[in-house]
Amino acid sequence: MVTTREKSGVAGRPVGAVVKGRLQQLLAFASLIVIFAFFSVASPFFFTYGNFTAILFSTVVIGTLAIGTTFVIITGGIDLSIGTGMALCAVMSGVFIVNLDLPLAVGLVATVLFGGLMGLVNGINIALLKIPPFIATLAMMLVAEGLALVVSGSAPIYFSEEPAYTKISTGNLIPGVDFPNAVIVLIVVAVIAGVLLTKTVLGRYTYSIGSNEEATALSGIDVRKWKIAVYAFAGLFIGLAGIMISARLGSAQPATGMGYELQAIAAVVIGGTSLSGGKGSIVGTLIGALIISTLNNGLQIMSIPQEWQNVILGCVILVAVYTDILRKKEA
Amino acid sequence: MVTTREKSGVAGRPVGAVVKGRLQQLLAFASLIVIFAFFSVASPFFFTYGNFTAILFSTVVIGTLAIGTTFVIITGGIDLSIGTGMALCAVMSGVFIVNLDLPLAVGLVATVLFGGLMGLVNGINIALLKIPPFIATLAMMLVAEGLALVVSGSAPIYFSEEPAYTKISTGNLIPGVDFPNAVIVLIVVAVIAGVLLTKTVLGRYTYSIGSNEEATALSGIDVRKWKIAVYAFAGLFIGLAGIMISARLGSAQPATGMGYELQAIAAVVIGGTSLSGGKGSIVGTLIGALIISTLNNGLQIMSIPQEWQNVILGCVILVAVYTDILRKKEA
Amino acid sequence: AEGGGAGGGGGQPYIAIVSKGFQHQFWQAVKQGAEEEASKQGARVTFVGPPTEADVEEQINMLTNDIAKSPDALGFAALDSQAAEPLLQQAKSQDIPVIAFDSGVDSDVPLTTVSTDNKAAAAEAAKHMAELVGGSGKVAMVVHDQTSQSGTQRRDGFLEWMEQNAPDIEVLDPQYGGGDQLESANITKSIVSSNPDLKGIYASNEGSAIGVIKGVQESGKQGLQLVGFDSGKAQVDAIRNGTMAGAVTQDPVNMGRQLVIAAMKAINGEDLPETVDTGFKWYDQTNVDDPEIAAVLYD
Amino acid sequence: MTETATPRTLPLLEVEGVDKSFPGVRALSDMRLELRAGEVLALVGENGAGKSTLMKLLSGIHTPDTGTFTLDGEPLTIAGPKHATELGISIIHQEFNLVPHLTVAQNVFIGREPRRARLLLDERRLVRDARELIGRLHLPLDPNAVVGDLTVANQQMVEIAKALSYDPKVLIMDEPTAALNDAEVATLHELIRRFVRPETGVIYISHRMEEIRRIADRVTVIRDGQYVDTVDVAATSTREIIAMMVGRTLADHAGPQGVRADREVLLEVTGLSTKALLKDVTFDLRAGEILGFAGLMGAGRTETARAIVGADPVDGGVLTLRGSRIRIGHPADAVRHGIGYLSEDRKRYGLLLDKDVKANVTLGALARRFTTAGFVHDRAARAAASEYVGSLRIKTPSVDQTTKFLSGGNQQKVVIAKWLARDCDILIFDEPTRGIDVGAKEEIYQLLNELAEQGKSIIMISSELPEVLRMSHRVVVMSEGRVTRILDAAEASQETIMHYATLRPDENVEDAKELGLDPVETGAAEDEEGKA
Ligand SMILES: Nc1ncnc2c1ncn2[C@@H]1O[C@H](COP(=O)(O)OP(=O)(O)OP(=O)(O)O)[C@@H](O)[C@H]1O
Ligand SMILES: Nc1ncnc2c1ncn2[C@@H]1O[C@H](COP(=O)(O)OP(=O)(O)OP(=O)(O)O)[C@@H](O)[C@H]1O
Ligand SMILES: [Mg+2]
Ligand SMILES: [Mg+2]
């Protein structure tokens, strides 16, 4: 029914609601688990430790971008500049570390901050100049796409002289265990983001702005300031994603990145965050990103012809989201 | 500071307001005119009849897609499937006209209806299954991308035997005047869409749904039915765009289309339609599409190095939209 | 090597091919050649590639996934050699023979490289262009990509030949259309209208070529010398009817075939030459119907 | 208002010579106001008189064109909402300003969250503080409930809690009781009495005169954006106040006289049930009848209406219209059968706020009355809209005014106009006079009577018992999702209605066995566990 009005009562929820909430989140894994189970049965190559890490590894870049974007989308905004922005950050990382030969740590921090700077510009355009987020970040997407080529001279920057750089992604921090650092980075970042979103003022105002911007402003909160903060914060993840992708590839590829924004946003939305703002979670986003990467992996492992892979991917996403909707309706 | 504050109502109306409204619409051309004037001064090759028709011609495909999408966006939805969907429609046009050798008119109608069918499926997924538009049309985007390859066998379908087909786009209906049919098609379609949006029940409900879906439903309007209608209607434009692009190229290219959706949505949003629904216009969309294609054309004509073109494009879009916002604030 | 690919075809050798692209005609032709040869030899192939040649990470994911299937041999066209090196080492450690194709992979893992020299092919196109415009005047380039190897080599091969051999020809800054026909057509029209004295346009792949042909037709400009790259029906038609002067084509179908042949040899432990050159050919109105040319054209 | 120990003469807040214009509207001109320390000052005026605008000036949402404010003798400029609260001026808005996705506690303390470090929230303390505040105010709220899930009345409670949490000197309440029933109003008044101390004051806006008599010390009357007078409530009759408000004396109107047994039964509702609340709701509606619905908040009156029109999923039940069974799955079906529903929450379910008055008035009737072959007759639509603006005396510069710029009461009239334009045989009016001024209320009553005279049937859900008693031919009384009694006009009185409205299911022999399933009960039980 169109107009179902959700209600819960005066008399309330504490225990019931919280338990129910947890349960729902667990159930959100349902689609992912079904997909996993299916591929495990369908192919002997799927259910292996090596393939699990492969799936996780392939989730890192999109996952990192998606986590940052989750904040933006919860405010009711959108960020299209994350894909090419990531390429620009990767190039900047090359400039800092290879061309300028800065110490690794300095270069990394500078790259992440550069991402934050891009986000800051987005935030200012959106919050102060009142340019719609779609336009502001679309413009940034174009600018970043061009600048990545300009700065790099349209050629990849190689980190061959910086073996420690690629270790950030491909190394194994845990000795003896074949578990790529990149995945550890993703997990750490996700935990930090999760804490920030649920336990801090930044997170609270992120939800609040997305839920009712006007009421938030009337409550004396400087919405402009916090919006800028959110975009700048999300920008840090663009910088980090730039590091993660170039560390994995051993080079900064200036032309890459276009299309990543759509994938990252898709991960966020599949994870249950509403594009109209006000609700969403980091766990959901990670599940969304994992659903996409597991499907990509599994379909290829099953040797489905590539032209059919997208068709199936599309249908499975539909079904996954639809069952999620049904589940929530019943819960 | 908050949105309500001192917002200029379009008050005090009947006569004054209408004139003012017209004036505003005219002024919306302002950015476009400034861009035009700039290029005319900057390059002797810009301000020529041939180049004007070139700009118009290059607006046709994006413009057609953008017009359909305007309806969808006014309802508060989005359609990501228009790009690859267009490719699929082009392929279907090839199947109908070349492979099945149907009469031209029949093939054209079938193609447009096929686009409508895709839109219908989107509409059903969104209105009945309650799948968020972003996800539903993202899935359709993937499915269409795959199906275009499957149906065409991953090879272009050529219309070499159908000279009349390419005439739809490149021919000159007006004898003696070098004015491509494609542009005429765009204009006719825009006028029809404009009339439908402003003068018919479909258009009114499109706005109402985008403004407040629940209130519209409670007013006794079958929102599900009308939403499906809007997506199906927008789908017709996908079909038409498929015809226009394949007629221009003389072949149906199955791998094309990705990225067109973002351009079309950008045209709509630059044209003043709000992604949160409830307002927008066809004229605005056309202006938005023209701004993009004029910038692309002009920057090339001026022989700006391509890596800088995107940077400039991004900045100009920002400035254009920002001045539009300022103008509206003052008006 | 042990047989048995994923799901069925018991005993059939399985060759996994990770290409630089998928949807585009060139890669579809490679795929077609590989599949034909595989069915002839009783092998099974899968063929995957990222949507654009900028999607390096996606290609790495695809390579990872294919290695996970423990194929009997791996065909690989690297978008970036360095990014793939750890995976190639992994393949080596799993005793999966790797055959490089299209462009060289900068690594000692591949047993052989089935390739084509993009630069030389582009130089060939430049040579014909110089002849066609009579050794002087303005020439424009519509290139499909400014970062991928095929894009840069086909651009640089053309530019370098011109620089060295035709000093009187002014080559305009390359414009990039992403291989998208429509975008390339729009770019072409801008070039034509802003350069009234233009004499020729070079297009670096099939999509660019179709775009250039369309753009020139629509602009109504006569007498431009168009030189293309790759084949495909639209381009071949344009050459037949004189709209386009000629084009260089590589032989992607053969590349696919040679790739599978080399892979089968590797599986059977036979020796392989260091490189297999699949070559390129210039074709124009005069020779387009010659059997050896017709054989390398794909559409 | 009772213990008049301190002399209430010190001016706490003064407004002098304030002008405020919006494009096309002169909302206030030369406005005056004086709030004394320790008093409750009522502010009354017709819909669109400028009450909310004045309050928005005081709370920093709008800035005045001219004029001065004085607080405690100090001249004062109010820079914004935050500044206003810092100065000690708190407002409860007529239209809520809550964040729907956040909980009650989070809403109450938004912007002032207790923190453990600069950025880290202390959620436990937040909930504890909220619980403490809510307890102190005796409000029936759960601090962890999500605000968007609450009923209008409870959202109003959240607004109240939030405003009081600032511990203000001046508390402004813009129609705080519009969404409340009598018991809740009593709670609120209790709250106000406790709030008023010698150093604080309350500005209280309401259209309900009896409330004003109960709570206010003085009343300021404004009309058309201009100051009329300020009088002592005790020394002035309601009739006089109303006369100052509307600028004329209103005549009393007679209401309907009782059961219309002579008329055919138009709609029969049998055994209507929903998963959430309703149990076996059965009643019938006759042609030309006004059927009142009374009950406490949460009794299920709105739920019944929404179930009938197909806005909420129904679990069971049969609808019979003119003797034949009908099925309704969507409000569109209901309207097609001639059943219209005017929601109690106009902002959310009633209006296209960013569209003009014309679009709103003609929305429901568009396809029926204003189109041929799908094309809209703009001129006819405009004419019709203008007609309703005139006949309902909707205060708006024109039919092209964006609805969100109308005053609350006038917005309500726009929704009513929409249903009049659609011309349904059965109209379900849920709290139709919410936020409507005394004069306009009379007009609406008259309108309902006229509609009934024409043979239309009306279900009138109202939380104002006098209104129900005055208007209804019969009264359906509901309690906790059930119909406990259907009273004829003759037997209906405040006492009988309240008796049946508070009748609990366990006193109802038939339903006693279902007691355990009652949502209210389970909810309360969970709450207890939560505290333990
Ligand atoms: N204690 C409660 N627990 C859960 N839900 C409740 C509770 N009280 C009320 N509700 C919900 O709020 C709604 C209140 O019912 P409804 O709106 O139909 O009542 P009403 O009689 O119209 O009262 P009013 O509109 O004055 O609040 C019901 O749909 C019910 O689901
Ligand atoms: N933002 C605005 N833009 C334009 N006009 C406005 C705006 N706000 C209020 N008005 C107009 O100012 C006048 C006073 O409105 P206000 O809301 O103060 O009335 P009110 O006395 O509170 O009425 P009600 O009893 O209906 O709530 C109305 O005519 C209204 O339409
Ligand atoms: Mg008001
Ligand atoms: Mg109610």
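1. The magnesium ion (ligand 4) is coordinated by OG1 of Thr302(D) and OE of Glu344(D), at 1.8 to 2.5 Å. Donors here are N, O and S atoms within 2.8 Å of the metal (3.2 Å for Na, K and Ca); water is not among the atoms, so sites may look incomplete. This pair links distant parts of the chain, 42 residues apart. Thr302(D) belongs to helix 9 (residues 301-308) of chain D. Glu344(D) lies in the loop between strand 16 (339-342) and helix 11 (346-350) of chain D. Both Thr302(D) and Glu344(D) are buried (under 20% relative accessible area, 1.4 Å probe, protein chains only).

2. The model is predicted: local features need pLDDT of at least 70, side-chain atom pairs count only at pLDDT 80 or more, and totals for chains, interfaces and linings use all residues. Residues are numbered from 1 along each chain as its sequence is written, chains are lettered from A and ligands numbered from 1 in the order written, and side-chain values use heavy atoms, without hydrogens and water.

3. Chain C has ten helices and 13 strands (DSSP runs: H or I of at least four residues, E of at least two, numbered from the N terminus). Its radius of gyration is 20 Å, close to the 19 Å from the globule rule for 299 residues, so chain C is as compact as a globular protein of that length. The radius is taken over C-alpha atoms; the rule is 2.2 Å times the number of residues to the power 0.38. The C-alpha trace of chain C spans about 65 × 35 × 30 Å along its principal axes.

4. Of the 299 residues of chain C, 65% count as buried.

Definitions and conventions: Buried means under 20% relative accessible area, exposed over 50%, partly exposed in between (1.4 Å probe, protein chains only).
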